[in-house]
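Reader: Hi! Could you walk me through a couple of spots in this model?
Author: Happy to, let's look at it together.

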Amino acid sequence: MELPVLYIVIPCYNEQEVLPLTSKLFAEKITQLADAGKVSDKSRVLFVNDGSKDQTWSIIQQLAQKDERFEGVSLSRNRGHQNALLGGLLYAKDRCDITISIDCDGQDDINAMDAMVDAYLDGCDVVYGVRAKRTTDTFFKRFTAEGFYKLMNWLGANIVFNHADYRLMSRRALEAFSKFEEVNIFLRGMVPLVGFKSTSVYYDRAERMAGESHYPLKKMLALAFDGITSLSVKPIRMITGLGVAVSILSFIGVIWSVITHILGYAVAGWASTVCVVCFMGGVQLLCLGVIGEYIGKIYMETKHRPRFILSESTLEGELGKTPKKED
């Protein structure tokens, strides 16, 4: 039986501080898996430069020149973690049998890859890396993250609890996933939609090895909104339910006002009127905001713009450039 070719796909954005440290670990893991007879010695580590502003791409190029185990591709500009990861996966799809996506910061336990590959060899097309616990997170981070996963499942999105983007996917799963053409992507919620046999591998997450996190609260909230609006229409249905409830209450209020007026018990006052108007105004603006999010997503989808553009590769040089004709 021919051993599978593995590509470890790693999106990178301004990772010049941590890349020299973690690249060694990834290369050692590739060699270790090959020596154990689990993957082919043609397996590679693929770095995806997401339009970094520092020396990240230069470091990737140097690594590729010195060691054949490293390859790199660069996006034409910064497109965000999800698009960079997708670009790397689709680039690797035709070059390997399996991919394992992982972040560059060294927080995810790379030794979990052994169990992932074992699960693939046992017949699984998708293997999710799941955090066993969140002891390294602050209370706020742990509370909001776990609350998000519970909210997503309540809204009907089929996502794996405490799983981010550390996962193995077979070529068959990637081929099927490549048919998903939406622009607004949330990979951890989209991959389960592919189906096929899957399982989970549990691991403990460590502290970041160097540098700073590129996912502040603002980006985390943006990712959460993308996930909700990309995978569920339940918020729209909740708005409909809220509208019905408010309409019923308003109708009851109208009847009550008419009855009190007929009976002569009407009391003049502006406070109650202002409260009702402010309440209704707030509800309407909130509903319009949620509906606007969905309309905005539809607007972006109808443009059919590319989700990413690869500009360079350490193997092929500048991509998409027309070669000069010889005289």
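Reader: Which residues does D165 touch, leaving out those up to four places away in sequence?
Author: In this predicted model, D165 touches H81, Q82, L85, S101, I102, L187 and R188.

Reader: Thanks! And which strand does D165 lie in?
Author: D165 is part of strand β6, which covers residues 163-170.

Reader: Is D165 buried or exposed?
Author: D165 is buried: its relative accessible area is 5%, and the cut-off for buried is under 20%.

Reader: What polar contact joins the side chains of D165 and Q82?
Author: The two side chains are joined by a polar contact of 3.0 Å. The D165 side chain also makes a polar contact with the side chain of R167, at 2.8 Å.

Reader: Nice. Switching to helices: at what angle do α1 and α4 pack?
Author: The angle is about 40°, and the axes are 11 Å apart. Helix α1 spans residues 19-35, while helix α4 spans residues 112-121.

Reader: So what do you call that, oblique or roughly parallel?
Author: Oblique. Angles under 35 degrees would count as roughly parallel, and α1 and α4 are therefore oblique to each other.

Reader: Is the crossing of α1 and α4 left-handed or right-handed?
Author: The crossing of these helices is right-handed.

Reader: Which residues make the contact?
Author: From α1 there are K29, Q32 and L33, and from α4 there are M113, D114 and V117. By class, the contact of α1 with α4 has 3 nonpolar residues, 1 polar and 2 charged.

Definitions and conventions
Residues numbered from 1 in each chain as written. Predicted model: local features only at pLDDT ≥ 70, side-chain atom pairs only at ≥ 80, totals over all residues. Heavy atoms only, no water. Axes fitted to C-alpha atoms, helices over the stretch in contact; angles between N-to-C directions. Helix = DSSP H or I, 4+ residues; strand = E, 2+ residues; numbered from the N terminus. Parallel < 35°, antiparallel > 145°, perpendicular 65-115°, else oblique. Left-handed = near helix turned anticlockwise from the far one by under 90°. Contact = heavy atoms within 4.5 Å. Nonpolar A, V, L, I, M, F, W, Y, C, P; charged D, E, K, R; others polar. Buried < 20%, exposed > 50% of the residue type's maximum accessible area, 1.4 Å probe, protein only. Polar contact = N/O pair within 3.5 Å; in protein donor to acceptor, adjacent residues only side chain to side chain.
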